[in-house]
Amino acid sequence: MQQHAITHPWPTAERILVCLPAGALGSRLVRAGRRAASRLKAELHVVRVERPANLSLKEQLSLRDSDGNPAAVALRLAEQLGAETAVLNGDNVAEEILNYARQHNVPVKPGTSYEHLNNLSTRVP
């Protein structure tokens, strides 16, 4: 710590990141993430990556209709449960998740490095 001119430890918090899929599993994942976050006394982050380049105009409009969109329902549930939520936009899902994790200091699961995810981001279509 002295080497980096840090005079004392600063508080840190555990963080859990849940990435919502396109299907109906989102709400279950949010609830499981909330339970894990509660056990660990961790912050919960829930994100959804939209790939607008691959969506038709009809699909883009339906994403805004939260009543019929499972991902929107899951995001609303996450907010009600106290999670920080975000909708990310980009064609490279892994890269968007990686960028969010870096910006919010969310650790990658044990045994996985940012470099590994970065390599994955170049292979995910």
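These questions and answers go through a predicted model of a protein and the terms used to describe it.

Reader: What makes up the fold, and in which order do the elements run?

Author: The protein has five helices and three strands. Starting at the N terminus, the order is β-α-β-α-α-β-α-α.

Reader: How do you know that strand 1 and strand 2 pair?

Author: Two strands pair if there are at least two bridges between them. Strand 1 (residues 15-19) and strand 2 are joined by five bridges and run parallel, so they count as paired. One of the places to look is Leu17, whose bridge partner in strand 2 is His45.

Reader: What about strand 2 and strand 3?

Author: Here six bridges join strand 2 to strand 3 (residues 84-89), and these two strands also run parallel. Arg48 stands opposite Val87 of strand 3.

Reader: What is the unit made by strand 1, helix 1 and strand 2 called?

Author: Together with helix 1 (residues 26-40), strands 1 and 2 make a β-α-β unit, and the unit is right-handed. The word right-handed applies because, with the strands pointing away from the viewer, the path from the first strand over the helix to the second runs clockwise.

Reader: Why is strand 2 called largely enclosed?

Author: Strand 2 covers residues 43-50, and seven of its eight residues are buried, so the rest of the structure largely encloses it.

Reader: Why is His45 called buried?

Author: Buried means under 20% relative accessible area. His45 has a relative accessibility of 2%, so it counts as buried. His45 belongs to strand 2. Leaving out residues up to four places away in sequence, His45 touches Arg15, Ile16, Leu17, Val18, Glu84, Tyr100, His104 and Val106.

Reader: What makes a pair such as His45 and Tyr100 a polar contact?

Author: The N or O atoms of a polar contact must lie within 3.5 Å. The side chains of His45 and Tyr100 are joined at 2.8 Å. The side chain of His45 also makes a polar contact with that of Glu43, at 3.3 Å.

Reader: Is Thr85 buried, exposed or partly exposed?

Author: Thr85, in strand 3, has a relative accessible area of 24%. Buried needs a value under 20% and exposed a value over 50%, so Thr85 is partly exposed. A polar contact of 2.9 Å links its side chain to that of Glu79. Neighbours within four places in sequence aside, Thr85 is in contact with Val46, Leu75, Ala78 and Glu79.

Reader: Why is Ala37 called buried?

Author: The relative accessibility of Ala37 is 0%, which puts this residue in the buried class. Ala37 lies in helix 1. Residues up to four places away in sequence not counted, Ala37 touches Ile16, Ala42 and Leu44. Ala37 and Glu14 are 23 residues apart in sequence, with their C-alpha atoms 8.2 Å apart in space.

Reader: What makes a set of residues a nonpolar core, and which residues touch the most other members of the largest one?

Author: The members must be buried, of the listed nonpolar kinds such as Ala, Val, Leu or Ile, and joined through side-chain atoms within 4.5 Å. The largest nonpolar core has 14 residues, and Ile16, Val18, Leu20, Val30, Leu44 and Val46 touch the most other members. Strand 1, helix 1, strand 2 and helix 3 (70-80) each give two or more residues to this core. Helix 3 supplies the largest share, four residues. Another core, of six residues, lies apart from it and includes Ala86, Leu88, Ile97 and Tyr100.

Reader: Which residues of helix 3 are buried, and what do they pack against?

Author: They are Ala71, Ala72, Ala74, Leu75, Leu77 and Ala78. These buried residues pack against helix 1, strand 2 and strand 3. At the start of helix 3, a side-chain oxygen of Asn69 comes within 3.0 Å of the backbone nitrogen of Ala71. Just after the helix, Gly82 takes a positive phi of about 90°.

Reader: How much of the whole protein counts as buried?

Author: The share is 32% of its 125 residues. The accessible surface comes to about 8,400 Å², and carbon and sulfur atoms account for 53% of that.

Notes. Residues numbered from 1 in each chain as written. Predicted model: local features only at pLDDT ≥ 70, side-chain atom pairs only at ≥ 80, totals over all residues. Heavy atoms only, no water. Buried < 20%, exposed > 50% of the residue type's maximum accessible area, 1.4 Å probe, protein only. Areas by Shrake-Rupley, 256 points an atom, 1.4 Å probe, with all protein chains shown as cover. Contact = heavy atoms within 4.5 Å. Polar contact = N/O pair within 3.5 Å; in protein donor to acceptor, adjacent residues only side chain to side chain.
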